[in-house]
Amino acid sequence: MNKIALLKLAWDMMSSNDKWAIFYRRIFGCNKDPPNKIQFWKDNWLGEPLVDCLGISDDLLSALSTLCSDFILDSRWMIPTFISNLFPEVSRRIASTGISSNMDKLIWLNSENGILDLRNAYIKVDSNPPGPSWCKLIWANFIPPSQYFLVWRLFHNKVPSDDNLQQKGCSLASMCSLCRSSIESFEHLFLSCPFATYHWC
Ligand SMILES: [Zn+2]
């Protein structure tokens, strides 16, 4: 029950414009008031964050702070050229996303009104049971953040391998740069590539 209440509290702190929420956001270093400006690259306004869609390196995340509103002019999307050229499917999805004159706001997915209530919080917590013991190993202090984040991305199929980029609509030719005998996919790179099997065996 504590997890449900904490999830609801965290949501309210992020999304509410009540005085107590504004106060706590300032106390904890979040000065975005109103808090609901949507970040173009990092927020999940397109179904998944653009940094994941485009396979953008984690090293660049801190430099990507522009908002969705920065890419809108006269109620039209100003899509960066490299996205249009290299990721036509992503570009199409952006172009088909409606633009509203209303203020941005956070939406809780799988909720009828976009608001997280206790019932939705219970469903979310209940559908995410405690992870297996390997989680403690992956998130251990002695492992560098860049490496345990890579493992996290592997488990969630978020690695920007060629096959993943192709599924996002990126038109590119693919070949494993190690063995040059197969397309570059997650399964090939880490499991079936001769170089991988040599490493594991
Ligand atoms: Zn290979």
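Helices and strands are DSSP runs, helices of at least four residues and strands of at least two, numbered from the N terminus. By this rule Ser-75 lies in the loop between β1 and β2. The model described here is predicted.

The protein has 11 helices and two strands. Along the sequence the pattern reads α-α-α-β-β-α-α-α-α-α-α-α-α. Of the 201 residues, 30% count as buried. The exposed surface comes to about 13800 Å², and carbon and sulfur atoms supply 59% of this area. Among contacts with a separation of 6 or more, 45% join residues 24 or more positions apart.

The loop between β1 and β2 was examined next. Asp-74 is placed in this loop, with β1 spanning residues 72–73. The phi of Asp-74 is near 55 degrees, a positive value in a residue other than glycine. Ser-75 also shows a positive phi, of about 60 degrees, although it is not a glycine. Asp-74 has 69% relative accessibility and therefore counts as exposed. Ser-75 is exposed as well, with a relative accessible area of 59%.

The interior was considered next. In soluble globular proteins, nonpolar side chains tend to be buried together. The largest nonpolar core of this model has 20 residues. Those with the most contacts inside this core are Phe-40, Trp-41, Trp-45, Leu-50, Leu-54, Val-90 and Ile-94. The elements that give two or more residues to the core are α3 and α5. Helix α3 gives the most, with three residues.

Helix α5 spans residues 88–95, and its buried residues are Val-90, Ser-91 and Ile-94. Seen down the axis of α5, these residues fall within an arc of 100 degrees, so they line one face of the helix. An α-helix has 3.6 residues a turn, so residues three or four places apart point the same way. The buried residues of α5 pack against α3 (50–53), β2 (76–77) and α4 (81–86). Ile-94 touches Phe-40, Trp-45, Leu-46, Leu-50, Trp-77, Ile-79 and Ile-83, leaving aside residues up to four places away in sequence. Val-90 and Ile-94 are both listed among the residues with the most contacts inside the largest core.

Asn-85 is found in helix α4. The relative accessible area of Asn-85 is 54%, so this residue is exposed. Asn-85 and Ser-171 are 86 residues apart in sequence, yet their C-alpha atoms are 9.1 Å apart. Pro-160 sits in the loop between α8 (145–155) and α9. With a relative accessible area of 32%, Pro-160 is partly exposed. Pro-160 touches Gly-55, Arg-153, Leu-165 and Glu-184, again leaving aside residues up to four places away in sequence. The C-alpha atoms of Pro-160 and Ser-185 are separated by 9.2 Å, and the two residues are 25 apart along the chain.

The model also contains a zinc ion, whose protein donors are Cys-176 (SG), Cys-179 (SG), His-188 (NE2) and Cys-193 (SG). The donors lie 2.1 to 2.4 Å from the ion. The four donor atoms subtend angles of 100 to 116 degrees around the zinc ion, which makes the arrangement tetrahedral. Every angle must lie between 85 and 135 degrees for four donors to count as tetrahedral. In sequence the donor residues are spaced C-x2-C-x8-H-x4-C. Within this set, Cys-179 and Cys-193 link distant parts of the chain, 14 residues apart. Cys-179 lies in the loop between α9 (162–167) and α10 (186–192). Cys-193 lies in the loop between α10 and α11 (194–200). Burial was assigned to residues under 20% relative accessible area. Cys-179 counts as buried because its relative accessibility is 19%. Cys-193 is likewise buried, at 0% relative accessibility.

Key. Residues are numbered from 1 along each chain as its sequence is written. This is a predicted model: local features need pLDDT of at least 70, side-chain atom pairs count only at pLDDT 80 or more; totals for chains, interfaces and linings use all residues. Side-chain values use heavy atoms; hydrogens and water are left out. Buried means under 20% relative accessible area, exposed over 50%, partly exposed in between (1.4 Å probe, protein chains only). The arc is that of the directions from the helix axis to the C-beta atoms. Contact means heavy atoms within 4.5 Å. Donors are N, O and S atoms within 2.8 Å of the metal (3.2 Å for Na, K and Ca); water is not among the atoms, so sites may look incomplete. Four donors count as tetrahedral if all angles lie between 85 and 135 degrees; four count as square planar and six as octahedral if opposite donors are over 155 degrees apart and all others between 65 and 115; anything else is irregular. A nonpolar core is a set of buried Ala, Val, Leu, Ile, Met, Phe, Trp, Tyr and Cys residues joined through side-chain atoms within 4.5 Å. Accessible areas come from the Shrake-Rupley method with a 1.4 Å probe; for residues, only the protein chains shown count as cover.
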